[in-house]
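Trainee: I would like to go through a model feature by feature. Please give the general idea each time, then the case at hand.

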Amino acid sequence: MTELESEVLPLPPRYRFRDLLLGDQSFQSDDRVQVEFYVNENTFKERLKLFFIKNQRSSLRIRLFNFSLKLLTCLLYIVRVLLDNPEEGIGWSHIFWVDRKMPLWAVQVSIALISFLETMLLIYLSYKGNIWEQIFRISFILEMINTVPFIITIFWPPLRNLFIPVFLNCWLAKYALENMINDLHRAIQRTQSAMFNQVLILICTLLCLVFTGTCGIQHLERAGEKLSLFKSFYFCIVTFSTVGYGDVTPKIWPSQLLVVIMICVALVVLPLQFEELVYLWMERQKSGGNYSRHRAQTEKHVVLCVSSLKIDLLMDFLNEFYAHPRLQDYYVVILCPTEMDIQVRRVLQIPLWSQRVIYLQGSALKDQDLMRAKMDNGEACFILSSRNEVDRTAADHQTILRAWAVKDFAPNCPLYVQILKPENKFHVKFADHVVCEEECKYAMLALNCVCPATSTLITLLVHTSRGQEGQESPEQWQRMYGRCSGNEVYHIRMGDSKFFMEYEGKSFTYAAFHAHKKYGVCLIGIRREENKSILLNPGPRHIMAASDTCFYINITKEENSAFIFKQEEKQKKKGFAGRGTYDGPSRLPVHSIIASMGTVAMDLQNTECRPANSSKLALPAENGSGNRRPSIAPVLELADTSSLLPCDLLSDQSEDEMTQSDEEGSAVVEYVKGYPPNSPYIGSSPTLCHLLPEKAPFCCLRLDKGCKHNSFEDAKAYGFKNKLIIVSAETAGNGLYNFIVPLRAYYRSRKELNPIVLLLDNNLDSLLQCGIIYADNLVVVDKESTMSAEEDYMADAKTIVNVQTMFRLFPSLSIITELTHPSNMRFMQFRAKDSYSLALSKLEKKERENGSNLAFMFRLPFAAGRVFSISMLDTLLYQSFVKDYMITITRLLLGLDTTPGSGYLCAMKITEDDLWIRTYGRLFQKLCSSSAEIPIGIYRTESHMFATSESQISINVEDCEDTKDVKEHWGIKGSHHRNSCSSDQSEHPLLRRKSMQWARRLSRKGNKHSSKTAEWISQQRLSLYRRSERQELSELVKNRMKHLGLPTTGYDEMNDHQNTLSYVLINPPPDTRLELNDIVYLIRSDPLAHVANDGHSRKSSCSNKLGSCNPETRDETQL
């Protein structure tokens, strides 16, 4: 055994390599048979066929050689014509005999012999049983005409000067060129466009016709006027171009017959060629052709992949993409599987877009179409979902396949993907930027309930605008709202910034306040160089470094700003000099930015630093003299532990709730903080929330049906302490998770958690049962059942009508919804005869003509945050190409992502006790110095008188009965009463006519009724006359509430707030006056960032803080 084991040991590598090269010598004595396998038959004919026909490269060489031979014969024919000197006189012998030199004859005979042998060989190789099919081919006949006579002259010398029409070889050269191009495409494995081939064939046909006509007429005219070759060429060009000067004409009948034949051939061949060319051109216009490889290598381009391209989507993309100066030289290649729409075609024919936008009809799943779009050379690829599809999951599946196909074809091309449903997001997690529609939609709807008009704030931030909208409007709110809408989010490295460079080594809060004070910019977040996470308002503990990337809100970025520095000493002197006259009556109510900031700086120097451990922006105790404005604590350069937040939100906040009365304390719901135990889909961001200690039974979730645990069947029976938030939807999808989480986030106060009611059956009875009378907000989610509308803009029809119905039934209710198309916002809270709405419609048209991307921004429902369009997410995706941080910042603001140390968006309301702060700049200072919060905007509500229509006049029946006219009416006799009724017929003709007929029938029976009955009938009739549409709706709601056993007191208290308008001011100037009921948007620092990493130290610090903490905890900023 040991001998056998030693024999099978492997040889060293060098011996194995030698055996591979030289063969193993030990096996030479064995009887072995080598077998070779061939793809084709190992015969002489098959080998020749493989070389001449089947092999692409060798066949290409053969055809190129054949093409060169044919061109050479045509060239030799021209040389023979130029050397020919026919004798003078007319004779038919000049047609049959020519003067051919011996060297020229030898060359022509050699070429003819080679061509003949090659032709016969190809006939032999391509023979398939029918020899006549090969013989009667036009190419074979022409080949025999041009070669056999030359071969005969070898054996019969007198025929060496016989005329042979060698110029017909041009047609054989054309045929060889077509075959050569086909072999070329096969050899290089690359298909050229059919348009190129067709154009080449057409040009070759024209050249062959002209060359044949020129040579034929010149030769036949040797028996006539003996035209030169150039004059024959001139005659053919003039004839084929249908000009026909007539200065050169054929004189003998053979040449004239040839002209007739050539014209007939041209009339048959050329139209067929042109027809094929035009057809291919039209098809190319539909499919879009190809994006040039040379242009792709020298110019930059992006690719937009969509399933169907509509004009609104195209214009939003083009306006937003080309709004950035550095993208002006980019090309946009649109890859769409459908044919180009007529409106899209008209837009792309505009010179502004025709030179930069290329439309290609094709699929992203085909490598050929991706190659046409030069996807591998693209700077980015945008893949958008079709949100008009009925099956949104199927639309996501198509988007996922497109993203996979692009990533497989061009792995280095950055991907910007839009997905509809959150459960499909993890399939495209590899993309550089992903926007999920339902995530952002539900998050914005949720934040609109606690931070009014958050959707408007986000929409204005992600849109590109210069703040020029509404500047020519006569109304102040439109000018201010339009100016502030131009604010966007920008970034800059701190070491390169003039805004923030001087605050290196200072706290983030100090830098934010002083940058706003000095330059009017709002610093909202930073990103460390070593950490790629963006932190919104990291708080005063964060020390600014030169390598930090700063994110700020401003009208324009710093690189486009001009700095005009003024003398600081003069400003300080002016500030001290104006101290006594600031509150004087002669002072203007609105000051300039510099003057206001100078006064604030004066107050800072005479203010003591007080720790702000109170959660209220209360009036300071040391007010100084009565003529002097109260002082505000300065913002410290470095964090002071005594002035920071005394408690974090992980501590027990039940102290406020324990101070309630006993009967209230018994109804308080207990909550614990933790992460949701179950995630509805893969990829959801974990967020610390308020949770119930134990999971509620499923039967208790039905609000309208009792169970064994409770017998409540309507919202009134539950006795909720806070206002309800009702979500009206058709189905409870996974996206609702992103609606609930922001409303239950850990940083929200337990006392202010609103009950959430999900309404799946949208009718009046269900609305009343779920407690719409006690609701603060009603959220209407997009109805997917209307997505199947044939007209795209009708996709919002059901949502709009439902919202309008609820608006008419409950006019004071805050209804929040989202639409697919921005243009449909004009139908929200529609008033047909409202002159103010008509004026806003004209303003919208004017802004659209001026090229605004936000022409709809002045519509009152959008400005107030009642409605937004989900198409703004398309703009967010486009913005990410230039600002790669926009999606991250938006998700942080919406609460979709929770980065440790990053703040969150919240709101606070200005009350009468807080008007002492007076200006937005002083409020900025107060918030930064007391609670380290960064304000970013104001939500303002103003009273406004609207012109009401007849259908909107609300008249109470009781009030109408108590009027003076009614009292006088009861003292008038019946005849006068009829006259008064007839005088009012002009208001309601049909109603009055029917009522008068009813009254006459009653008057005929007047003897049978008492006067008391007549008065009662007259009262009912008058009530019918005076009843308005508002009262009819009110009676309808009350009757249904009585039928359901619900009290109607809540509905009587609902007032119509239609005489107010609201709008958002992003980063207003520091001297902006604060008004009562203003809601200020804040970015509050993360409470968890102040908790120590060590668990033991955290517990001890929290216990110490709880002892000294103010009973009103830092859950929110209360004014």
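**Reading the model**

Mentor: Start with Cys-770, which is buried at a relative accessible area of 4%; buried means under 20% relative accessible area, exposed over 50% and partly exposed in between, with a 1.4 Å probe and protein chains only. This is a predicted model, in which local features need pLDDT of at least 70 and side-chain atom pairs count only at pLDDT 80 or more, while totals for chains, interfaces and linings use all residues. Residues are numbered from 1 along each chain as its sequence is written, and side-chain values use heavy atoms, with hydrogens and water left out.

Trainee: How many disulfides does the rule give?

Mentor: A disulfide is a pair of cysteine sulfur atoms within 2.5 Å. By that rule the count is 0. Cys-236 is in no disulfide, and its nearest cysteine sulfur, that of Cys-215, lies 8.8 Å away. Cys-236 is buried, with a relative accessible area of 3%.

Trainee: Which residue other than glycine has a positive phi near 75 degrees?

Mentor: In general, most residues other than glycine have a negative phi. Arg-918 has a positive phi near 75 degrees. Arg-918 sits in the loop between strand S18 (904-909) and helix H35 (920-930); helices (H or I, at least four residues) and strands (E, at least two) are DSSP runs, numbered from the N terminus. Arg-918 is partly exposed, at 22% relative accessible area. Lys-374, not a glycine either, has a positive phi of about 55 degrees. Lys-374 lies in the loop between helix H17 (367-372) and strand S4 (380-383), and is buried at 7%.

Trainee: At what angle do the axes of H22 and H35 cross?

Mentor: Two packed helices are described by the angle between their axes and the distance between the axes. Axes are lines fitted to C-alpha atoms, for helices over the stretch in contact, and angles run from 0 to 180 degrees between N-to-C directions. The axes of H22 (residues 508-519) and H35 cross at roughly 170 degrees and come within 10 Å. H22 is therefore roughly antiparallel to H35; angles under 35 degrees count as roughly parallel, over 145 as roughly antiparallel, 65 to 115 as roughly perpendicular and the rest as oblique.

Trainee: Which residues make the contact of H22 with H35?

Mentor: Contact means heavy atoms within 4.5 Å. Thr-509, Ala-512, Phe-513 and His-516 of H22 meet Tyr-920, Gly-921, Phe-924, Gln-925 and Cys-928 of H35.
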